[in-house]
Amino acid sequence: MSIKHGLLALLKAGPRYGYQLRAAFEASTGATWPLNIGQVYTTLSRLERDGLVRSLPEEDGGQRPYEITDAGRAEVAHWFATPVARSERPRDELAIKLALALTTPGVDVAAVVQTQRTATMRALQEYTRLKARSDERSDLSWRLVLDAMIFQAEAEVRWLDHCEASLVRYRPAPASGTPAPGTAATADAAPEAASTS
Amino acid sequence: MSTPILELREVHRTHGSGETAVHALQGVSLVVRPGELVGVMGPSGSGKSTLLNLAGGLDVPTRGEVRVAGESLSGMSRRALAALRRRTVGYVFQDLNLLPSLTAVENVALPLELDGRGVRAARQVALRALAEVGMEKLAGRFPDQLSGGQQQRVAIARALVGQRRLVLADEPTGALDTQTGEAVLRLLRERVDAGAAGVLVTHEARHAAWADRVIFLRDGRIVDTSGPLARPEDLLEPEPSR
């Protein structure tokens with residue numbers, strides 16, 4: 001995520017000072033990416049150096065607002081007009097981990113898949129809970145960010161299902177078909193479920 | 001803790017025998033309490049539908065026990081089982097939920113009438129159930145006069161009409177677009193939060209995520225269970241600076 005472009009986009013709505021920018025950023029992204037105020041000011045001074053914003057005289061409270069320049073407006077327009085390049089995204093650690101798990105002796109790949117799927121599913125449940133609590137209209141931008149995380153997590157679970165199926169089909173390892181270590185075969189270890197006739 | 005509405009104890013279900021036997025479920029235990037929605041995921045043939053059929057008393061286990069609302073289904077007569085299905089258990093499927101020749105309110109009132117309630121009394125209860133899913137104004141419409149999402153709302157109302165407390169849902173959002181599907185899941189979630197118990201079978205993780213717990217079935221066994229996080233705020237980590 002480019003903080004530079006985020007701040008520029010916010011400044012397009014009118015001059016603001018650092019704390020206001022941070023609050024506005026968090027209001028749109030639901031504090032998904034909390035910014036610290038130091039990052040905000042460092043970014044603002046870089047933007048000023050590059051001629052994309054200019055600082056205005058200090059207000060009575062001692063805050064110094066910034067406003068966007070014409071060059072800044074052009075930069076924002078360019079940012080929105082350009083797709084995010086896939087090569088600029090971080091490397092997929094999980095895909096690399098699974099690929100290495102296949103070739104590393106003594107690693108139970110099925111267990112790696114299951115551990116990840118449980119964790120991702122759990123995250124997906126929490127995102128969904130946050131979404132269920134939000135308001136459909138007033139929290140729209142935050143909900144879209146949540147939806148992005150929901151769809152990404154879902155894609156990961158689907159991919160893990162696919163990996164599991166491929167493992168079963170093409171690599172009949174002795175470990176597949178048995179529960180992962182540490183997971184019981186019961187979904188609720190309630191004491192009343194203990195006695196069966 | 002409240003009494004479970006659904007309990008599966010070491011349940012096995014085998015179809016056929018000998019070398020051709022298919023072990024649909026192999027020692028599955030599951031407890032669902034009021035206010036709880038449990039998601040069931042797994043590849044085709046993993047036992048999801050068998051689990052749902054056993055929970056609803058539509059099938060009987062080869063071994064192990066199924067209890068609904070505290071009663072074991074094993075020793076029950078067919079009559080008692082049918083009565084339990086009418087009074088306690090409701091189903092929501094992907095489609096073909098509603099009888100096309102009956103209006104929404106008649107569809108919802110049907111299980112009550114089959115259970116011996118008078119037409120007028122059943123209708124009153126059905127209207128209340130429809131109001132709870134926001135469908136009271138469309139009570140007089142026939143299924144083909146309702147959208148897919150509205151039909152599923154009626155199906156949920158029927159699944160939980162009167163004293164019914166266990167809803168078994170099999171891909172209830174299958175034929176719906178993402179927005180409508182989400183509205184149906186939100187509603188199911190609300191009805192469960194109001195005190196029902198639910199089992200939601202789906203192959204979509206995004207849908208299963210509405211559940212409190214998600215179990216993963218593979219080859220008739222539970223291989224994984226995902227419950228809620230202790231600290232959900234951990235998911236919202238700051239982006240590492242680059």
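Helix axes here are lines fitted to C-alpha atoms over the stretch in contact, and angles run from 0 to 180 degrees between N-to-C directions. Helices (H or I, at least four residues) and strands (E, at least two) are DSSP runs, numbered from the N terminus.

This is a predicted model, in which local features need pLDDT of at least 70, side-chain atom pairs count only at pLDDT 80 or more, and totals for chains, interfaces and linings use all residues. Residues are numbered from 1 along each chain as its sequence is written, while chains are lettered from A and ligands numbered from 1 in the order in which they are written.

Start with chain A. Helix α2 (residues 18-29) of chain A packs against helix α3 (residues 37-49) of chain A at about 115°, and their axes lie 9 Å apart. α2(A) and α3(A) are therefore roughly perpendicular to each other (65 to 115 degrees). From α2(A), G18(A), Y19(A), L21(A) and R22(A) make the contact; from α3(A), I37(A), V40(A), Y41(A) and L44(A) do. Contact means C-beta atoms, placed from the backbone, within 7 Å.

Now take the wider view. Four residues of domain 1 of chain A touch four residues of domain 2 of chain A.

Turn to chain B. Its open sheet has four strands in the order β2-β1-β4-β5, with antiparallel pairing (strands pair if DSSP finds at least two bridges between them). The edge strands of chain B are β2 (22-32) and β5 (71-72), each pairing on one side only. Two bridges join β4 (residues 63-68) of chain B to β5(B). R67(B) has S72(B) in β5(B) as its bridge partner. Helix α1 (residues 48-55) of chain B lies across β1 (6-15), β2 and β4 of chain B, at about 120° to β1(B).

Terms used
Contact = placed C-beta atoms within 7 Å. Parallel < 35°, antiparallel > 145°, perpendicular 65-115°, else oblique.
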